[in-house]
Amino acid sequence: MSSPFTRTVRGMRDLLPDEAEAMRRLEYIARETARLYGYREVITPLVEHYELLAAKIGEENRRRMYVFKDLGGRRVALRPEFTASIARLVVTKMMYKPKPIRLFCTGSLYRYDEPQFGRYREFWQANYELIGSGRPEADLEILSISRDFMEKTGLEGYYFKVGHVGILRGLLAHEGIGEDEQNAIMQLLDKKEWNKALEIARRSGASGRCIKTLKELFEIREEKPNKATERIMESVDGYEEAIRAAGNLEAILKLAEDSSLELKLSVEAGFARGLEYYTGLIFEIYVPGMDIALGGGGRYDRLIELFGGEPTPATGVALGIDRIALAMSKQGLEFKAEEEGRVLVIPLTEEAVGVAFEVSSILRGAGVLTEVEVMGRRVTRALQDADRRGITHTILIGSRELKEGKITLRDMRTREQKTINLEEAVKYIRENID
Ligand code: AMP
């Protein structure tokens, strides 16, 4: 069992046809959503310089990167997320394009996570980035895209967990706590380790007042945005930066309410994400009964500048295709293969094989899914096999058909068959499959 020929590498999966189809359909929905919002697709490399990917990904994710030297001695890594690549692409190739820039990408990502339900070492995301606007409506647009995508999956009860990194960082910065300590605190909050986070804050010199404020913030989990921002405002009283950030959160949530998007929210003031580049609104998407995020995103206003570009605000979201497929199957929402005609062309003699290929090619040209019998089965066995595999029509070609220039068409559902010319058969099949 331990042979490398009998198993995939731990954390890596084969996707069988139904799973691959579900994945591609979700990707299709994501691409269609991108089109409707004016997001153009870009394709970035799977392999990037380690330093680029590691710069702002956060300690936890950094330790889980697939890092290696290529044959040229470069230290490279498999991408664990898209945003760093997008920021690099914008800085080097699109910096002076009119703003906003709306980009979409999708593909596989790699993290050496501990494999478990919904957590793999190779997984897929659909990613949307809105670059050039620092305004609340840009944040709302990203929420709105996420919502539209989720609506199209049919998933019920999904909600957005929302927070604002600016509030927490504003508070800590006011206390003179440096970026490294702030990052360590954010990492702990991402793991819901509130007490450890408080401990680091204390050790980094946070005042008693600051600790009290943090504790209050960690308690805030509100479905009503007004109530949430009111409580946050009260807690951060006197901390200018944090007040400004809370005002920004309030403005975004107000717009969300005015937009009638009817987003289901849980505003959590102590919520942080593992990625280090966030500066403003952050969010994750959940469904009831599954405590892993289906997607996540937020504002990252300084990343493009950090990578050498002009100061450029930006925001985005990554939707986890694998987990969304899992959630759908938990809710009984599997994609059903569409009812469509499937034709099997069966040559009854050696001489008919060439014509069978010709006929199949004409059928495919007419848009009909067509297989040719390639197992050399006799007709009875071939028909049995056709039944088993959901073939709707068979076309039989023997010496009589060859002589007459016709084919025998059998409707597998009614078991009727008739010998007709090919044009008639194509017409019949097309009329009888939709
Ligand atoms: P992140 O890039 O960490 O913001 O993650 C965005 C989304 O990607 C998450 O909400 C998940 O849906 C998905 N994701 C992240 N890590 C994994 C993983 N190891 N396996 C499957 N999906 C993942």
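**View 1. Helix 8 and helix 9 cross in this predicted model.** Helix 8 covers residues 194-203, and helix 9 covers residues 208-219. Their axes come within 10 Å. The crossing angle is roughly 160°. Angles over 145 degrees count as roughly antiparallel, so helix 8 is roughly antiparallel to helix 9. The crossing is right-handed. On the helix 8 side, the contact is made by Trp-194, Leu-198, Ala-201 and Arg-202. Helix 9 supplies Ile-211, Leu-214, Lys-215 and Phe-218. Sorted by class, the residues of this contact are six nonpolar, no polar and two charged.

**View 2. Helix 9 also meets helix 6.** Helix 6 spans residues 165-174. The axes of helix 6 and helix 9 come within 11 Å. They cross at roughly 170°. That angle makes helix 6 roughly antiparallel to helix 9. From helix 6, look for Ile-167, Leu-168, Leu-171 and Leu-172. From helix 9, look for Cys-210, Thr-213, Leu-214, Leu-217 and Phe-218. The contact has eight nonpolar residues, one polar residue and no charged residues. Leu-214 and Phe-218 of helix 9 take part here, and they also take part in the contact with helix 8.

View 3. Helix 5 runs over residues 136-153, and helix 11 over residues 240-258. Their axes come within 9 Å and cross at roughly 55°. The crossing is right-handed. Pro-136, Glu-137, Asp-139, Leu-140 and Leu-143 make the contact from helix 5. Asn-248, Ala-251, Ile-252, Leu-255 and Ala-256 make it from helix 11. By class, this contact holds seven nonpolar, one polar and two charged residues.

**View 4. A salt bridge links Glu-27 and Arg-24.** Side chains of opposite charge can pair when their charged atoms come close. In this pair, the closest N and O atoms are 2.9 Å apart. Both Glu-27 and Arg-24 lie in helix 1, which covers residues 17-37. They are three residues apart, about one turn of the helix. The model's count comes to 44 salt bridges.

**View 5. Lys-99 and Pro-100 are joined by a cis peptide bond.** Omega is about 0° for this bond. Pro-100 is found in a loop. That loop lies between helix 4 (83-94) and strand 5 (101-110). Most residues other than glycine have a negative phi, and most peptide bonds are trans.

**View 6. Lys-192 has a positive phi.** Its value is about 60°, although Lys-192 is not a glycine. Lys-192 is found in the loop between helix 7 and helix 8. Helix 7 covers residues 179-190.

**View 7. The chain is assigned two stretches, domain 1 and domain 2.** The domain assignment gives 4-330 for domain 1. It gives 342-431 for domain 2. The C-alpha centres of domain 1 and domain 2 lie 53 Å apart.

Terms used:
Residues are numbered from 1 along each chain as its sequence is written. This is a predicted model: local features need pLDDT of at least 70, side-chain atom pairs count only at pLDDT 80 or more; totals for chains, interfaces and linings use all residues. Side-chain values use heavy atoms; hydrogens and water are left out. Axes are lines fitted to C-alpha atoms, for helices over the stretch in contact, and angles run from 0 to 180 degrees between N-to-C directions. Helices (H or I, at least four residues) and strands (E, at least two) are DSSP runs, numbered from the N terminus. A crossing is left-handed if the near helix is turned anticlockwise from the far one by less than a right angle, and right-handed if clockwise. Contact means heavy atoms within 4.5 Å. Ala, Val, Leu, Ile, Met, Phe, Trp, Tyr, Cys and Pro count as nonpolar, Asp, Glu, Lys and Arg as charged, and the others, Gly among them, as polar. Domain bounds come from an automatic or database domain assignment. A salt bridge is a side-chain nitrogen of Lys or Arg within 4 Å of a carboxyl oxygen of Asp or Glu. Angles under 35 degrees count as roughly parallel, over 145 as roughly antiparallel, 65 to 115 as roughly perpendicular and the rest as oblique.
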